[in-house]
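Student: I'm new to this structure and would like a close look at one part of it. Could you pick a single spot, walk me through its surroundings, and then show me how the rest is laid out?

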Amino acid sequence: MPELPANLPDWISAISQLLLVLIFVALFTGANQRLQVYLWSRDIRAKLNILEAFAGEARKKTLEYMASSGAKEAESTLKRLTDFFVISPVDIEPVDIIRRLEHLVNLRQRRFKEEVAKIMPESDDVVRSKAEVAVEITSALTFISKFVRHLLLTGEKTRNWILIMQLQLLMPLILKMADTYRRALYDFLKGVPIGDSAGPMVALRLAGVDASWERIEEETVYTVKRIDGREVYIVKAEGPGSSVGRPGSATERLIEKLVAGGKKPRLLITVDAALKLEGEESGSVAEGVGAAIGDIGPEKIRFERVSVKYGIALRAVAIKMSLEEAILGMNEKIARGVEKAVETVRSMISRESREGDVVVVVGVGNTVGVGQ
Amino acid sequence: MFHEGTPLEWLQPLLFVFILGLTIALMVRQASEMKKLEQTVSKKREFITVISCGDKEVRRPFKEGDFVGKKVSECDGGEGLIHYIIVKEEKKEEKSSKGLKSLFKI
């Protein structure tokens, strides 16, 4: 019979050798992988609990806001809207896909508006628009937690360790994104401008204090201002409620109207918040060509079509920021970026048009907290 | 690992303790990260309203109903305009994860 080790170093040596043997056995039987998958799953589950807490908190906060604004049957409406979905149009037949997509997007938006208006009949448009955004954020957070849970359970059920590993690696990013949405909810309900409001804020600065705004499209307004001898038409979403308006349709309608009156614009400038690359300075301003708008298609294509139709130079001004800065309350860097963008637009107008020309400037983005 | 009588025999207990310590440290770190994330839930941010009074600028805490472009009578004896509403900057500790530290960052 082998002699038992007597002192501590001998014990440690024995345990190390045993561990080594166990590690080899685990390597051959795949038990090490199972242990690793267990650890990954445990980590995902812990983070999933936080995601579910975020979704629950958003639901509670939205219901509180609706109740404080006199909403009736808010709970059942919120549940219905949280699970609301849109089926994307058929894309193997691209003919009129933009029109079909626009129709579906507008239908969804109208549905949300009507549902919120039905339960909050006595509230004004600003309060209702905040409630709509709160519902959207609750819906997004609920979807994120549901989808992460789906991936985790699928991975566990099918013993797909690659899926679990990928999910575990993505979890910090998903958590960060969800946390940004959660914080954005508070900022939207407060009614403060967010980073994405930079575009409408540039439009407001250009128009000045005493501009008289006129509605041209649903939740979209415009005004005229003389800048350096040019007739500048300025378009933005109607604030200070939370809305992005219909900048594409409004611009198209405005330009058609101007052309019909013999005033063909020389320049069309779009100003919007743009996602910066890591390492780029927040609030920095860049110029380019094309339509600066983060839309899925229907609004953006209108800018392109109308500028091509009448041969108008389509220029873009982007105010750089991170995704987090774009949907959270505006910070000082972005506010300084707004001033820089105003100067850039002014210099673009004087550089690229002549006195007496007609120019259209569109401040694209969510106009929450920015009036006119 | 290092057999008896080899020159590195003394390293064995140290290695064992180091691996054990590292495992515990990583577990504690992961737990504290989760706690930190949960704590951010209750953290709320403050906003400042910047009012333009001609050449002067007045800053005050954000009030419900403020919006950019709103006329307010909060300038000395006159009307002003809400120029900005911005987040009150929080003082952050500069954290750098370099060298070994970055290895343990989750």
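Tutor: Happy to! A helix here is a DSSP run of H or I with at least four residues, and helices are numbered from the N terminus. With that in hand, let's visit A:Pro247, which has its place in helix α8 of chain A, residues 247-260. Please keep in mind that this is a predicted model.

Is A:Pro247 buried or exposed? A residue counts as buried if 20 or more other C-beta atoms lie within 10 Å of its own. A:Pro247 has 30 other C-beta atoms within 10 Å, so A:Pro247 is buried. Leaving aside residues up to four places away in sequence, A:Pro247 touches A:Thr220, A:Val235, A:Ile293, A:Glu299, A:Val362 and A:Val364. A:Leu170 sits elsewhere: 77 residues separate it from A:Pro247 along the chain, and their C-alpha atoms are 35 Å apart.

Now let's turn to a pair of helices in chain A. Helix α5 (residues 125-157) of chain A and helix α6 (residues 161-190) of chain A have axes that come within 10 Å and cross at roughly 165°. Angles over 145 degrees count as roughly antiparallel, so α5(A) is roughly antiparallel to α6(A). The crossing of α5(A) past α6(A) is left-handed. Among the residues making this contact are A:Ile137, A:Leu141 and A:Ile144 of α5(A), and A:Leu167, A:Ile174 and A:Phe188 of α6(A). By class, the contact has 19 nonpolar, two polar and two charged residues.

Of the 106 residues of chain B, 14% count as buried. Among contacts in chain B between residues at least 6 apart in sequence, 40% join residues at least 24 apart.

Note on methods
Residues are numbered from 1 along each chain as its sequence is written. Chains are lettered from A and ligands numbered from 1 in the order in which they are written. This is a predicted model: local features need pLDDT of at least 70, side-chain atom pairs count only at pLDDT 80 or more; totals for chains, interfaces and linings use all residues. A residue is buried if 20 or more other C-beta atoms lie within 10 Å of its own, exposed if 12 or fewer, and partly exposed in between; C-beta atoms are placed from the backbone. Two residues are in contact if their C-beta atoms, placed from the backbone, lie within 7 Å. Axes are lines fitted to C-alpha atoms, for helices over the stretch in contact, and angles run from 0 to 180 degrees between N-to-C directions. Helices (H or I, at least four residues) and strands (E, at least two) are DSSP runs, numbered from the N terminus. Angles under 35 degrees count as roughly parallel, over 145 as roughly antiparallel, 65 to 115 as roughly perpendicular and the rest as oblique. A crossing is left-handed if the near helix is turned anticlockwise from the far one by less than a right angle, and right-handed if clockwise. Ala, Val, Leu, Ile, Met, Phe, Trp, Tyr, Cys and Pro count as nonpolar, Asp, Glu, Lys and Arg as charged, and the others, Gly among them, as polar.
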